[in-house]
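Work through the exercises below with the structure in view. Try each task before you read its solution.

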Amino acid sequence: MKAEEIFEKVRAKFAGDVATGFNDGKGGDRDAWFLVEPYRIEDVATFLKTDPELHFDYLECVTGIDYPDDKQIRVVYHVYSYVKRHRIVLKCLLDREDPALPTVSSVWPTANWQERECFDLLGVLFDGHPDLRRLLLPDDWEGHPLRKDYVEADEYHGIPTTRPNPIELFAIKVPSKAAPLADAKKEGGP
Amino acid sequence: MSEVVFANEMDEEMTLNMGPHHPSTHGVLRFIVKSDGEIIRTAIPDVGYLHRSIEKIGERCTYQGYMPYTDRVDYVAAMFANECWASACEKLMAIEVPKRAQYLRVISCELNRISSHMIALGAMAMDVGAITPFPWALREREHINDLIEELCGARLTFNYHRIGGVSFDLPKGWRDKTLRFLDLFDPAMEEFDRLITNNTIYIKRLANVAIINATEAKDWGLVGPNLRASGVAWDLRRDDAYSVYPELDFDVVVGKGLVGTVGDSWDRFWLRCRECCESSKIIRQAVDKIDEHPEDDIMGKLPKKIKPVGEAYARIESARGDMGCYVVGRGAAEPYRARFRTGSFTAMGIIEAKSPGLFLADLVALIASLDVVAPEIDR
């Protein structure tokens, strides 16, 4: 099924502006995508998976992207169908200050870990997630590194997170003032 | 290394810490195992020990400068991460790759697939108690490392592919060496099968252990050999073909449950063995066909300034299955976002769901049969 037909089908199924902004993937963006209202993502996902014509049984990738200039965090879902061999990309635009949307881990269990990673690195909250803990970083880590304005703390439990530049460490120290040299001359040195 | 905690004196449940430096966890991985004697109630994976924030590094490198970092996504099969990143960028910037370069990519990747599967097979056999297959497998891998070293100068983190092509053409005499190796490799695989795959003890140990059926495998996003072992005939190289794979003739091996049930641990082992033979078939054809294309035509035409606007998601069939790379550009020399979707990551997700009821020793077999590589989980 073509991407446009998939979009039309989703738009027809849900009343209101749940699915909008179709991009056919022929411009700079190489894959066709459309926007989904974040609070309806779980319903849309269920529809995509259970509808016999769509049959999206494989959630490839959940990605979070931070856009500070738009004050947005976008969560991108790449979905694919093994049976029908078509694909579509869904995007949810979230408020950067309070990014939250329902989980799709009840639809595709593989979302469980991918959403945890997204929460860990970008701070997106997935409502209804069975186990929303940090995944890759330690539990007491502060901040979300993949946000664009993230500044790494100087140390973590006394362990410095930066180290001196080794090139600077081994650089030959050039005396900054001429004074010591002048003294050496006075004493009859070279 | 392990410490036993009883939560309740009356209940036999104990909490056992496995890893992170456990030899059978394939890198630095930790499991918190709650078990009743030998039988696991739940095993909760704790990952992140090797997290290096490769995606954040990607936002600070130029498009070409990120290539050596992608090696570190999966160091056992670095060629695939190279190819994945290159193809994502090529898709984003609509760069055409010369045919010869595509053949070189196929050859290098398939060699790498064999060497990666050799580690997987040897390590899995060792994890469940058979020591001999490991050095046998490493012997084959050593030959491949030599070949790849001659091709690109590195033995582990190759940095061989480039956006638009590859960095070096075939060295003189390399083709004959490769064919000679493959002539020795095919009988070596038969020998390997006699040694371990069809070994009665080994079959008894692994048949019907940790069965993953097709629906579960799809739902949990298992990919590549793990998915095919569950009976789903799906291979990106054939079904969503990229590069020059349509010109090559090979079979997609699917788990059949020859000694037990479809999708058991033995199936995953057997499938990787067969896949090595298919890869060998592919390489033989590719080194033959590569000469139809002019020598040294290995780099496509790149735009003068690499500052793309837009986004692309490319995927390839890596040794651990469907590896995807999502790249977003916003007109800067660095990508705005670089995301890797890896097979090991999703394979780890299923362990917590599959572990209840397994024997503690079978958990080791499950982890090994899924062929997870810790840096690929943590990135």
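**Exercise 1. In what order do the elements of chain A run from the N terminus on?**

Step 1: find the elements. Helices (H or I, at least four residues) and strands (E, at least two) are DSSP runs, numbered from the N terminus. Step 2: read along chain A. The order is α-β-β-α-β-β-β-β-α-β-β-β-α-α. Step 3: check the count, which is five helices and nine strands.

The model is predicted: local features need pLDDT of at least 70, side-chain atom pairs count only at pLDDT 80 or more, and totals for chains, interfaces and linings use all residues. Residues are numbered from 1 along each chain as its sequence is written, while chains are lettered from A and ligands numbered from 1 in the order in which they are written.

**Exercise 2. What share of the residues in chain A is buried?**

Step 1: apply the cut-off. A buried residue has 20 or more other C-beta atoms within 10 Å of its own, with C-beta atoms placed from the backbone. Step 2: take the share. Of the 190 residues in chain A, 34% are buried.

**Exercise 3. Which element gives the most to the side of chain A that touches chain B?**

Step 1: define contact. The C-beta atoms of two residues, placed from the backbone, must lie within 7 Å. Step 2: list the residues. Chain A brings 24 and chain B brings 30. Step 3: look at the elements on the side of chain A. Both β3 (58-67) and α3 (111-122) of chain A supply at least two residues each. β3(A) gives the most, with six residues.

Note on methods
A residue is buried if 20 or more other C-beta atoms lie within 10 Å of its own, exposed if 12 or fewer, and partly exposed in between; C-beta atoms are placed from the backbone.
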